[in-house]
Amino acid sequence: MRTTRRRALIAGAAALCTLLTGCGAADMTKQTSPFAAVKGARTVTLSVQSWVGAQANVAVAQYLLEHELGYRVDTEQVDEVPAWDALSQGRVDAILEDWGHPDQEKRYVDDKKTIVRGGDLGVTGHIGWFVPTYLAKQHPDITDWRNLNSYASLFRTAESGGKGQLMDGSPSYVTNDKALVKNLGLNYQVVFAGSEAAQIAQIKQFAKEKKPFLTYWYAPQWLFEKVPMTEVKLPPYTEGCDADPVKVACSYPYTPLQKYLNARFAASGGDAAAFLKKFRWTTEDQNEVALMIADQKLTPAEAAKKWVEGHRSVWKEWLP
């Protein structure tokens with residue numbers, strides 16, 4: 001809830017804190033929820049990323065925390081790297097889907113110890129370059145990066161400056177694409193759609209018209225069920241090949257997606273912290289909820305409720 005109502009609640013919590021304890025204005029770096037100053041409040045604040053798979057995680061966690069464990073749940077949408085700062089400061093209690101940020105992990109988990117690992121989400125993520133399967137069937141060799149320059153003209157757009165277009169989503173996402181294009185000598189221009197939603201809309205439009213496209217994309221992602229895509233093989237990933245973001249010339253790794261908790265919350269967050277550590281589901285589970293949100297246009301709460309009602313044997317294991 002990021003509305004006037006929320007600001008009023010924050011102000012009310014701060015006023016109550018002053019009235020009862022003389023503690024002064026609320027310090028959002030030292031409390032994890034705008035309701036934390038209220039005596040007896042059971043609150044959790046979750047970071048929610050902009051892509052729908054992450055929204056699915058948070059929707060189900062929020063539903064169960066509220067309906068099974070009796071917590072008030074707040075959410076904050078923060079970009080990937082700033083989310084680590086927010087988690088370290090205690091402005092959010094947990095990140096439920098991280099795609100790998102070794103610099104932040106070293107700084108906050110290993111050195112500062114303000115963040116702790118929350119365990120595997122249960123989903124393995126993979127970023128890559130994809131073309132529509134209908135195009136791969138027409139040109140089977142297009143799925144080898146070494147042949148991409150031969151097809152650059154197919155992917156030209158008004159935004160790509162006479163080169164082939166490689167479509168990315170948001171500049172805030174984990175991406176090596178500009179370096180890859182340069183280091184692999186490809187006649188392509190990275191063009192950012194701006195968000196996952198904008199990228200999906202463009203992919204759907206291309207597919208509707210059976211046009212060629214080359215896109216940065218990732219799994220798990222519900223869109224594969226609607227627009228079948230085939231991955232382009234980049235040079236194989238080896239440990240450390242992406243250590244220097246300027247020199248990277250290899251594919252993206254397969255990444256077991258991780259959860260992270262604020263260290264203070266992990267130690268004193270009671271049932272909520274225990275629940276989030278146990279929260280673990282499959283790619284199929286996540287895609288089921290994501291599809292309901294993004295394609296069937298259910299609200300996250302409606303999608304979570306529907307999934308929870310049909311998967312009791314899964315989530316009951318997460319309860320403390």
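Lys 113 lies in the loop between α4 (102-111) and β4 (115-132), where helices (H or I, at least four residues) and strands (E, at least two) are DSSP runs numbered from the N terminus. The model is a predicted one, in which local features need pLDDT of at least 70 and side-chain atom pairs count only at pLDDT 80 or more, whereas totals for chains, interfaces and linings use all residues. Residues are numbered from 1 along each chain as its sequence is written, and side-chain values use heavy atoms, with hydrogens and water left out.

The phi of Lys 113 is near 60°, a positive value in a residue other than glycine. Lys 113 counts as exposed at 57% relative accessibility; here buried means under 20% relative accessible area, exposed over 50%, and partly exposed in between (1.4 Å probe, protein chains only). A positive phi is also found at Lys 210, about 55°, although Lys 210 is not a glycine. Lys 210 is placed in the loop between α7 (196-208) and β7, and is exposed, with a relative accessible area of 56%. A further backbone feature is the cis peptide bond that joins Ala 219 and Pro 220, with omega about 10°. Pro 220 is in the loop between β7 (214-219) and β8 (229-232). In general, most residues other than glycine have a negative phi, and most peptide bonds are trans.

The chain as a whole contains 12 helices and 9 strands. Of its 320 residues, 48% are buried. The chain exposes about 15,000 Å², of which carbon and sulfur atoms supply 52%; accessible areas come from the Shrake-Rupley method with a 1.4 Å probe, and for residues only the protein chains shown count as cover. Among contacts (heavy atoms within 4.5 Å) with a separation of 6 or more, residues 24 or more positions apart account for 71%.

Strand β1 (residues 43-48) pairs with strand β2 (residues 72-77) in the parallel sense over 6 bridges, pairing being assigned if DSSP finds at least two bridges between two strands. Thr 45 has Asp 74 in β2 as its bridge partner. Together with helix α2 (residues 52-67), β1 and β2 make a right-handed β-α-β unit. A crossover is right-handed if, with the strands pointing away from the viewer, the path from the first strand over the helix to the second runs clockwise.

Helix α7 has 13 residues and reaches 18 Å from its first C-alpha to its last, close to the 18 Å expected at 1.5 Å a residue; the expected span is 1.5 Å times one less than the number of residues. The buried residues of α7 are Glu 196, Gln 199, Ile 200, Ile 203, Phe 206 and Ala 207. These residues cover an arc of only 125° around the axis, and therefore lie on the same side of α7; the arc is that of the directions from the helix axis to the C-beta atoms. On the other side of α7, Ala 197 and Lys 208 are exposed. The cover over the buried residues of α7 includes α2, α5 (133-138), β5 (164-168) and β7.

Helix α10 (residues 283-294) has 12 residues and spans 16 Å from its first C-alpha to its last, close to the 16 Å expected at 1.5 Å a residue. This helix is mostly covered, with 9 of its 12 residues buried, including Asp 285, Asn 287, Leu 291 and Met 292. Its buried residues are covered by elements including α2, β3 (94-98), β4, α11 (300-310) and α12 (312-315).
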